[in-house]
Amino acid sequence: MSLHEYVLFDPLFSDADADGMVRLCERFGRYGMYSAENEGGPEIGEGLTQRHDAVLNYLKAGGMHGAGESVSVLAARTNYFREEYAYGTQALIEGVEPFLFHEGFVEAARQIHGPRVIEPAIVFANLMVPGQELALHTDVPEFRGVNRKLHPQWLLVAMRHSELFEDWRMPIATGVAWFHDCDGGEFAFYPDGADGPPVYHKVAYNTALLVDTDSVFHGVDRVAPADTTELPALKPGMKLTFEGNERWSVRDGDLVVAEYPWNELRFSISWKAYCFADEADRDAWRTHTDDLSLDATLATFVDDLRARGCITGDVPPPRELALMIIDEYIRFPPAVAA
């Protein structure tokens, strides 16, 4: 979890293909909010948000640079917009195929994870309005038998950071691409580990980075910080909608909450792919012949917490155990002053 290679693409596409990705974004048209609203489930961590680890750190730090703002303002700053363009190898909108099957991403994934079988998992777009930012975090990993569809996301993140479950982990490569320039919104990441200095990639037309984001802390600096006035009261259920003529609006049903020109938004597209050791490794995932169970996962955590002296008596109740796991295994980088 300490040192990680990354690959820069500059340029990623031809100018025509890069412009095609912007037009694709416009054709898709409407983007919902990506909000961590779901609870972790009754088995472990009931009442916790899916990314309780990142939420706790973000609130404790007071934002990306410790501005000490209220919870409601911080919530609006991170309530950005997301939609999927492809799932697995299935395109959900025409024109995403050159991005979904980009050979440069495949080769870069092998450069980072070794000579592996690369299988696309998802392509999605993130859009952020002026004043928004993305809290420091590592992405949600996946393990055979334990994944985000069935289990709390904070649990999977702790599993990766603990390095206790590497025999079941499915390495994932992530490519993040930008197709227009942006004021602010730098991609901040920590390739030298949480104790190393952050690297800032300025959002620039037709560039991309490929990183192991399941292992490397990263976030997004505030979009358009110099020109931002008070954020609108963004809340779950709102949509970011392309109105034509280089204009976008945030809508609460039919009510227009805010309007923005294209050049004030931060637009990125992410590519994720599984990196299997070989065909047998991929088959084990598909057929569930070597899955990890939730009971075995929690038992492993409890044994390790006892060895660390964190548990000395009975196993704590589920919520207390969940918070203990988050606190013990997920260590964030220190806050960086603005």
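**Pockets, a helix and a loop**

User: Which element gives the largest share of the lining of the second largest pocket?

Analyst: That's α2, with four residues. Keep in mind that we're looking at a predicted model.

User: How much space lies in the second largest pocket?

Analyst: About 260 Å³. Besides α2, helix α9 (318–329) also gives two or more residues to its lining.

User: And which residues line the second largest pocket?

Analyst: One run of names is D53, L56, N57 and K60, and the others are L323, I326, D327, I330, R331, F332 and P333.

User: How do the residues of that lining divide into nonpolar, polar and charged?

Analyst: Six are nonpolar, one is polar and four are charged.

User: OK, switching to cavities. How many of 30 Å³ or more are there?

Analyst: Two. The largest cavity holds about 80 Å³ of space.

User: What lines the largest cavity?

Analyst: A54, N57, Y58 and A61 are in the lining, along with G63, M64, A135, L136, P333, P334 and A335. N57 and P333 are also listed for the second largest pocket.

User: Which elements each supply at least two residues there?

Analyst: α2 (52–61) and β6 (134–137). Helix α2 has the largest share here too, with four residues.

User: What about charged residues in that lining, how many?

Analyst: None: the lining has nine nonpolar residues and two polar ones.

User: New topic, α5. Which residues are buried in that helix?

Analyst: α5 covers residues 103–113, and F105, V106, A108, A109 and H113 are buried. Looking down the helix axis, those buried residues fall within an arc of 165°, so they line one face of α5.

User: What do the buried residues of α5 pack against?

Analyst: Quite a list: β1 (7–9), α4 (97–100), β5 (117–128), β7 (172–178), β10 (207–211) and β15 (266–276).

User: And what comes just after α5?

Analyst: G114, which takes a positive phi of about 100°.

User: Last one, V223. Where is its place?

Analyst: V223 is in the loop between β11 (218–220) and β12 (239–244).

User: Buried or exposed, that V223?

Analyst: Buried: V223 has a relative accessible area of 0%, and the cut-off for buried is under 20%.

Note on methods
Residues are numbered from 1 along each chain as its sequence is written. This is a predicted model: local features need pLDDT of at least 70, side-chain atom pairs count only at pLDDT 80 or more; totals for chains, interfaces and linings use all residues. Side-chain values use heavy atoms; hydrogens and water are left out. On a 1 Å grid over the protein atoms alone, a cavity is a set of points where a 1.4 Å probe fits but cannot get out, and a pocket is an open set with protein on both sides within 12 Å along at least five of seven lines; lining residues have an atom within 4 Å of a point. Grid points are joined across faces, edges and corners, and a volume is the space filled by probe spheres set on the points. Ala, Val, Leu, Ile, Met, Phe, Trp, Tyr, Cys and Pro count as nonpolar, Asp, Glu, Lys and Arg as charged, and the others, Gly among them, as polar. Buried means under 20% relative accessible area, exposed over 50%, partly exposed in between (1.4 Å probe, protein chains only). The arc is that of the directions from the helix axis to the C-beta atoms. Contact means heavy atoms within 4.5 Å.
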